[in-house]
Amino acid sequence: MALTNQNYIAIDGHEILRPPTFAPQMQDIYAGEYTTCTGKIVGDRIGWKYADATMTWDALPQSMVDYLIGMSGECTLEFVAPDGTITSETVIRDSVVQLQNRNTIRGEVWWRNVSLELRFINAHHD
Amino acid sequence: MPTTIDIENAKQIRQPMDVLITMQVPDDDISLTFSGYTSTAKVADGVLAQKSWPMRTLADLQGDGFSLGGSAVLYDPSTSASAADGKLGVRGNVGQPVSLTVTGDQMITGLTLLVTGAESVTYNGGTHEVNAGRVSFLVGATSAPLTLTPSAADTRIQVSYVETGSEIRITNENLISCVVSLRSDLSVVDPTLPESELNIEAYNDVDISAAVANIPEDTPIVYRAGYDSNMSAERRFYVSGQVTWADNVLSIHAVDAVHFLDTELSPAYLTDLYSDTPELAPLVVMRVLRKMGLISSTPYNPASLKKGGANKEVVFIPKGVTLREIIAELSNVFRFRDIPAAYLRSEIDQNKRNYVFSYVDAGEPRVMTTNPSGSRIIKEEDCADIKKQIEQPISKITYKRNPVTSFNGEVGLYSVLYDGVPSGSAQILKDNGVFLSLDDYVFCFLIGQKSDEIDPTSSYKYEPLVPPYNLGQYVTTPSFSNATDLLYGVSDVYPVFTGDTKNGELRNENPIYSQVVPWTVRYDTAWFRWTSLTALWNWLTSRGFVGKDDTYFSTDIIGYKLNIEESEVTVSNNVNNGREVVLSGPLMGRSFFWSSETSRGEEAFPAYGLAEMLKRSNITGSFTWKGDPRMQPRDVVNFHRLDGTVEKITIETITLKHEGGGTTAEITYRKGVV
């Protein structure tokens with residue numbers, strides 16, 4: 001399912017509230033690196049990838065937390081990139097899902113202070 | 001104007017280099033049949049094996065339309081395919097895929113299709129893009145069902161030709177690692193001609209294990225690296241050992257062409273000898289390399305070295321020594337730099353006092369006959385892992401001729417002037433028993449070891465040649481009666497051909513043997529018939545085959561003490577605590593360079609070469625450098641040190657590593673110009 005709302009992200013097609021501080025950063029990938037005798041690092045920039053990120057939510061409903069807990073192996077993360085385009089990346093969950101407080105609001109279970117670590121897999125060569 | 005690679009190498013962070021490796025999997029002459037296209041084709045005659053037949057241009061209201069030039073014809077199923085009428089091949093419906101099954105009478109290693117209107121070909125789950133109307137991929141089965149996908153909704157696929165053989169193409173997209181080891185050997189003592197290597201690991205989605213299993217050794221593989229607008233020259237390697245396939249990873253080990261030189265010189269490589277110029281050994285080697293297709297350049301042939309007037313040429317090539325050993329030896333010692341005028345014979349141009357020979361393959365075979373200038377620069381500040389090593393200096397080199405006999409019976413590489421028949425007449429015996437006159441004929445010999453004991457004071461004496469050949473057994477058969485009719489074996493000599501050389505060209509070629517054959521009574525070696533033993537002796541001594549009793553030479557060459565005696569050449573300097581090395585080997589005959597009766601000239605080599613060896617620096621080093629220096633081993637560069645000094649260094653090896661998309665080079669060198 002394509003992402004329909006920029007206030008959400010999607011993990012394997014399941015929409016989840018976008019973490020308020022979620023702003024994936026692009027980082028260069030280098031290869032053939034070495035440090036010269038004068039301490040200068042020399043290398044080839046072979047591409048870029050999104051840096052590993054921590055996703056934190058003040059609160060998430062149980063249904064969305066279930067999607068996070070269900071992440072296994074490589075997953076597809078869709079999100080709206082800073083340039084406004086919907087971007088799809090392969091990620092793996094790199095930590096357990098941290099769940100601090102459990103609340104019940106109008107009969108629905110909400111978890112407070114939810115967080116997890118994400119590792120982006122894809123490398124881009126443009 | 002700096003090139004793209006120079007600009008990138010100057011950056012701290014560079015764009016990654018493109019690597020392009022192609023391997024042509026050979027055509028095994030497989031007979032193909034074509035089927036399975038009927039239901040998906042608009043029209044087809046299935047003629048896909050006749051490459052030279054043109055595709056018939058059909059009037060076509062779809063697809064490519066039709067030609068207004070009258071060249072398009074209406075489809076007529078009754079017109080058979082022919083060279084004159086062209087062929088239909090297999091043409092699909094507009095915007096529709098085409099299926100085609102190619103079946104071979106034996107396993108198809110790979111296929112190449114010429115096709116228009118198609119974007120890709122799918123086989124066995126793998127998709128192969130059509131590039132410039134051509135697509136090539138590995139098959140590894142006797143039958144290959146193919147599906148061709150059109151490039152657009154309004155194009156019609158037209159397959160015109162299918163052939164066996166394919167190209168494996170490895171690029172940054174599928175390359176895991178590629179290590180290119182380019183090597184020379186700048187050792188002072190007994191260097192070799194080392195092999196350069198290419199080691200590749202690449203990923204492939206499609207299982208090509210069956211095809212890979214049939215890639216034969218010595219399949220050419222071409223490596224290039226660089227940037228779109230500035231790729232390196234091609235380096236050509238040859239598959240060595242089995243190409244392996246495991247877990248979708250293709251592993252290839254390839255070497256350069258040096259291993260082709262692990263052979264004795266064949267007369268077949270010498271059939272284009274010509275001219276009235278006495279051939280220097282390096283020139284002979286260059287001719288051979290060119291004949292083998294390893295180099296294409298014209299050998300440097302200094303006019304000053306010509307000895308005019310005689311339309312004769314005699315080239316002696318060693319037997320029992322491989323071309324690789326010869327080249328290694330020449331590359332090590334054949335270096336004449338600023339030869340003092342006193343050592344030049346009068347007919348040598350005084351301006352031609354520099355001549356070197358060095359050969360490096362490294363996938364891009366190259367012969368250098370001039371001193372490298374070393375205009376390139378490498379800055380130490382760009383390097384890492386900088387190491388310097390200082391060997392114990394060499395203070396004395398003694399070269400012992402091998403074997404040492406009573407008259408210097410070395411096995412040697414000779415380039416000997418033959419400028420006239422010695423007193424009396426010399427003749428050569430063909431295997432049909434007919435003697436040919438030496439006059440105005442070109443001779444090319446393979447010469448091995450000289451007879452050990454030719455005693456000029458004793459008539460009729462001859463000794464066995466190189467074992468197991470036995471001269472004595474043979475000559476008893478003809479039964480000679482006196483010295484004036486003596487057949488004398490100069491050596492283990494094989495004539496290759498005779499012919500006259502009028503106007504500098506070989507004419508009336510008259511091969512005696514097309515190849516070296518074992519010495520037997522039936523295929524006897526060449527024999528000179530001398531009218532007297534004295535004449536033979538004179539000829540031998542004048543040509544440097546036999547030595548003299550006295551010490552030849554003892555003097556200094558540019559500060560190096562030189563002593564030449566019958567059995568050995570010694571060159572020494574006054575380096576304290578230096579080590580002494582003793583060399584011995586089959587090469588380095590003293591008629592190498594001047595090859596004349598003037599002993600000083602003759603003896604300038606190998607002594608001069610040995611003196612050059614003593615001059616070599618005992619400092620070696622290594623460092624890591626960014627990217628591809630676009631250099632060849634044995635190139636000379638200016639190494640700008642951090643302290644501001646500039647050292648000239650000669651590159652010995654370059655190991656280029658393409659891994660993870662990046663490139664680095666590990667370089668070893670010897671200080672100075674080797």
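Colleague: In chain B, what share of the contacts with a separation of 6 or more comes from residues 24 or more positions apart?
Modeller: This is a predicted model, in which local features need pLDDT of at least 70 and side-chain atom pairs count only at pLDDT 80 or more, while totals for chains, interfaces and linings use all residues. Residues are numbered from 1 along each chain as its sequence is written, and chains are lettered from A and ligands numbered from 1 in the order in which they are written. Two residues are in contact if their C-beta atoms, placed from the backbone, lie within 7 Å. For that group of contacts in chain B, the share from residues 24 or more positions apart is 74%.

Colleague: How many helices and strands are there in chain B?
Modeller: Both are DSSP runs numbered from the N terminus, with helices (H or I) having at least four residues and strands (E) at least two. Chain B then has seven helices and 43 strands.

Colleague: How many of the 11 residues of helix α4 of chain B are buried?
Modeller: A residue is buried if 20 or more other C-beta atoms lie within 10 Å of its own, exposed if 12 or fewer, and partly exposed in between, with C-beta atoms placed from the backbone. In α4(B) the buried residues include B:Leu323, B:Ile326 and B:Val333. This helix, residues 323-333, is largely enclosed by the rest of the structure, because its buried residues number 10.

Colleague: Which strand gives the largest share of the side of chain A that touches chain B?
Modeller: The contact involves 15 residues of chain A and 19 residues of chain B. On the chain A side, at least two residues each come from β3 (26-35) and β4 (41-50). The largest share, six residues, is supplied by β3(A).

Colleague: In what order do the three strands of the open sheet lie?
Modeller: Two strands pair if DSSP finds at least two bridges between them. β4(A) meets strand β1 (residues 13-14) of chain B in the parallel sense over two bridges. The pairing in the sheet is mixed, and the order is β3(A)-β4(A)-β1(B).

Colleague: Which residue stands opposite A:Asp44 in β1(B)?
Modeller: A:Gly43 stands opposite B:Ile13 in β1(B). In that strand of chain B, the residue opposite A:Asp44 is B:Arg14.

Colleague: Is A:Arg106 buried or exposed?
Modeller: A:Arg106 sits in the loop between β8 (101-105) and β9 (108-120) of chain A. Its phi is near 45°, a positive value in a residue other than glycine, whereas most residues other than glycine have a negative phi. Because A:Arg106 has 5 C-beta neighbours inside 10 Å, this residue counts as exposed.

Colleague: What is the phi of A:Asn113, which is not a glycine?
Modeller: A:Asn113 lies in strand β9 of chain A, and this residue is partly exposed, with 13 other C-beta atoms within 10 Å. Its phi is positive, at about 55°.

Colleague: What is the mean pLDDT of chain B?
Modeller: pLDDT is the predictor's confidence in each residue, from 0 to 100. Values stay under 50 over residues 586-605 of chain B, and where pLDDT is low, the predicted coordinates should not be read in detail. In chain B, 58% of residues reach 70 or more, and the mean is 68.
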